[in-house]
Amino acid sequence: MSTVQQEVDERTNLTGSNKFELLLFRLGMDASETRSELFGINVFKVREIVAMPEITAVAGSMPHMLGVVNLRGQIIPVVDLPSVVGCKPKTGLNIMLVTEYARTTQAFAVESVEEIVRLDWNQVLSAENSAVGGLVTSIARLDGDTENTRLAQVLDVEQILRQIAPPEGKDVDPESVGSKLQLNPGAVILAADDSGVARSLIEQTLGAIHAPFIMTKTGKEAWDKLQAIAAGAAAEGKPLREKIALVLTDLEMPEMDGFTLTRKIKQDERYKSLPVIIHSSLSGSTNEEHIRAVGADAYVAKFVAEELAATIRNILAKK
């Protein structure tokens, strides 16, 4: 486990090549009690890995919540990840993954940690309609594009956290996001996010400010759509900005991540004037440095609808 922890600390600078690192772990036997599948989470989300400490149960906790731990003075909620996914640990909940996600810190209890693998995002395929009820965003082909490759399920942390602790009231309050956004007639916002929950929240926010949009699920899908729209605009003799007002992209996505999408846009003479906003649950100074390096016009952390709407307005006002 110490070796894995060292790799979490040392191997994080991969954003320039459409690569990322996946921490592999097991949650126990599946519902048929015949297999123990591999699951994964992006190393960028993992703050540390520790042996399971003593957990304090909290009265009235939501289902799947084990309680809280006091980790170096910080009280952190602990999620029983096997119970969320529907697995049964054979040896118990032995490891705790402490994660930083969307402005919050939480821990996930797992049975065991396997290894960290370095992958290209094109080894990862979208898997929205997976057998675990929409809790998986993608399937990673660990050994490359071969018939006998090992597979790992990349969990949708956004969906899991919202399932455990649903927000009170409206997801997006139209009254709080401000007035109608004024775009050129016919222009849209091109958005990309692989999480169904995130797409729903983005769509609600854009709808609340009356911004037309095209939603895609991966960076590659967004890039292909951008090229198709640009070709159509050129055929009509119109500038691209009359068709696309800005690009809004997540960072972690199958096939092509948001870093690569942003870099491709900003390095292409045809598209570099398009404003790009990165909207991600990944945070911290290291990631923000990478975001600046690829040329993004703004970064906004998930998910506060008012901040997203305000950032969109500010960037369009500058352009």
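Predicted model: local features only at pLDDT ≥ 70, side-chain atom pairs only at ≥ 80, totals over all residues.

What joins β11 to β2? There are 2 bridges between them, and the two strands run parallel. Strand β10, residues 136-141, is joined to β11 as well, by 5 bridges, and here the strands run antiparallel. Within β11, Gln 153 stands opposite Ile 139.

Strand β2 spans residues 38-42 and holds Phe 39, while Phe 25 sits in strand β1, residues 19-26. A search of the whole structure finds 3 aromatic pairs. In one of them, the ring centres of Phe 25 and Phe 39 are 6.4 Å apart and the planes meet at 20 degrees, so this pair is stacked; the cut-off for stacking is planes under 30 degrees apart. Because Phe 25 is in β1 and Phe 39 in β2, the pair ties together parts that are 14 residues apart in sequence. Are these two residues buried or exposed? Phe 25 is buried, with a relative accessible area of 1%, and Phe 39 is buried too, at 2%. Buried here means under 20%.

For another aromatic pair, look at Trp 223 and Tyr 271, which are edge-to-face, with 5.5 Å from centre to centre and 85 degrees between the planes. Trp 223 belongs to helix α5 (residues 219-236) and Tyr 271 to the loop between α6 (258-266) and β15 (276-280), so this pair ties together parts that are 48 residues apart in sequence. Both Trp 223 and Tyr 271 are buried.

One last stop is the largest pocket, which holds about 600 Å³ of space. It is lined by 28 residues, and those closest to its centre are Tyr 101, Ala 102, Thr 104, Leu 161 and Arg 162. Which elements give two or more residues to this lining? They are β5 (74-80), β7 (104-110), α3 (157-164), α4 (196-208) and α8 (305-318). The largest share, 4 residues, comes from α3. By class, the lining has 16 nonpolar, 4 polar and 8 charged residues.

Note on methods
Residues numbered from 1 in each chain as written. Heavy atoms only, no water. Phe/Tyr/Trp six-rings, centres within 6.5 Å; stacked < 30°, edge-to-face > 60°. Buried < 20%, exposed > 50% of the residue type's maximum accessible area, 1.4 Å probe, protein only. 1 Å grid on protein atoms, 1.4 Å probe; cavity = no way out; pocket = protein on both sides within 12 Å on 5 of 7 lines; lining within 4 Å. Points joined across faces, edges and corners; volume = space filled by probe spheres on them. Nonpolar A, V, L, I, M, F, W, Y, C, P; charged D, E, K, R; others polar. Pairing = 2+ DSSP bridges.
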